[in-house]
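Open the model in your viewer and keep the selection panel at hand. We will go step by step.

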Amino acid sequence: MSRAPFQLALLNGAHDRTTFNSGSAPLDRYLREQVTQDVRRRVAACFVATTDGKRIAGYYTLASASLLLAELPASTGKKLPRYPTVPAVRMGRLAVDQGFKGQGLGSALLADALGRAARSEVAAYALMVDAKDDAAANFYRHHGFVTLPDSPRTLFLPLATAQAV
Ligand SMILES: CC(C)(COP(=O)(O)OP(=O)(O)OC[C@H]1O[C@@H](n2cnc3c(N)ncnc32)[C@H](O)[C@@H]1OP(=O)(O)O)[C@@H](O)C(=O)NCCC(=O)NCCS
């Protein structure tokens, strides 16, 4: 198991998208077949971790999103202005190659996404994620994310909280 330090960068043509294997076929296929179109159309930004500038050890995507105020837990919603929605950043996908799992890379990618969203000059209240299954939801809960009461696979973390952490 490799313990090499990781470099994080925006996905570019030097990165090898063909050998990535997270154990989740849809996440691997997305990286191989779809992500470059989404980046070109500006519907997603993709950040990758590599050990050598080429082989992808993990990746995540970010895009603008919004959360319906009515969907947030009441205790959160009552602290926000009465607009129908609050701005958010969605981490649409997060995956780590099986050869690099359990080394803190998933956490590091999540922290990087939170930092980017929190530093952006475009305001967003929270980072939100759509967990693909219960294990993924548990991963996010482990990192302090809160579940939407009526959509248990959608979780969010207020960026003010993330900055404090
Ligand atoms: C979920 C995933 C990104 C985690 O990546 P990873 O690099 O193996 O995770 P890390 O080594 O960074 O784990 C960090 C911490 O999260 C915890 N953790 C990891 N997976 C977890 C899970 N499913 N549930 C709860 N906690 C979890 C670890 O125990 C560790 O805790 P610690 O820091 O307190 O010791 C990775 O397993 C993956 O790519 N899975 C397949 C795709 C997927 O489910 N993506 C999620 C988005 S839909």
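A polar contact here is a pair of N or O atoms within 3.5 Å. Keep that cut-off in mind, and remember that this is a predicted model.

**Stop one: the ligand.** Select the ligand. The space it takes is the largest pocket.

**Stop two: the nearest residues.** Now show the residues around the ligand; there are 19. L94, V96, G104, G106 and S107 come nearest.

Which part of G106 faces an oxygen atom of the ligand at 2.8 Å? A polar backbone atom of G106 does. Next, pick L94. A polar backbone atom of L94 is 2.8 Å from a nitrogen atom of the ligand. Then pick H142. This time a side chain is involved: an N or O atom there is 2.9 Å from an oxygen atom of the ligand. Taken alone, the ligand exposes 920 Å², and the protein buries 68% of that.

**Stop four: the shell.** Colour β4 (85–96), α3 (105–119) and α4 (134–142). Each supplies at least two residues of the shell around the ligand. Which element gives the most? It is α4, with six residues. Now colour the shell by class. You will find nine nonpolar, eight polar and two charged residues.

**Last stop: Y140.** Stay on helix α4 and select Y140, which lies in it. Is Y140 buried or exposed? Its relative accessible area is 6%, so Y140 is buried, the cut-off being under 20%.

Terms used:
Residues numbered from 1 in each chain as written. Predicted model: local features only at pLDDT ≥ 70, side-chain atom pairs only at ≥ 80, totals over all residues. Heavy atoms only, no water. Near = heavy atom within 4 Å. Polar contact = N/O pair within 3.5 Å; in protein donor to acceptor, adjacent residues only side chain to side chain. Areas by Shrake-Rupley, 256 points an atom, 1.4 Å probe, with all protein chains shown as cover. 1 Å grid on protein atoms, 1.4 Å probe; cavity = no way out; pocket = protein on both sides within 12 Å on 5 of 7 lines; lining within 4 Å. Sits in = over half its atoms within 2 Å of the grid points. Helix = DSSP H or I, 4+ residues; strand = E, 2+ residues; numbered from the N terminus. Nonpolar A, V, L, I, M, F, W, Y, C, P; charged D, E, K, R; others polar. Buried < 20%, exposed > 50% of the residue type's maximum accessible area, 1.4 Å probe, protein only.
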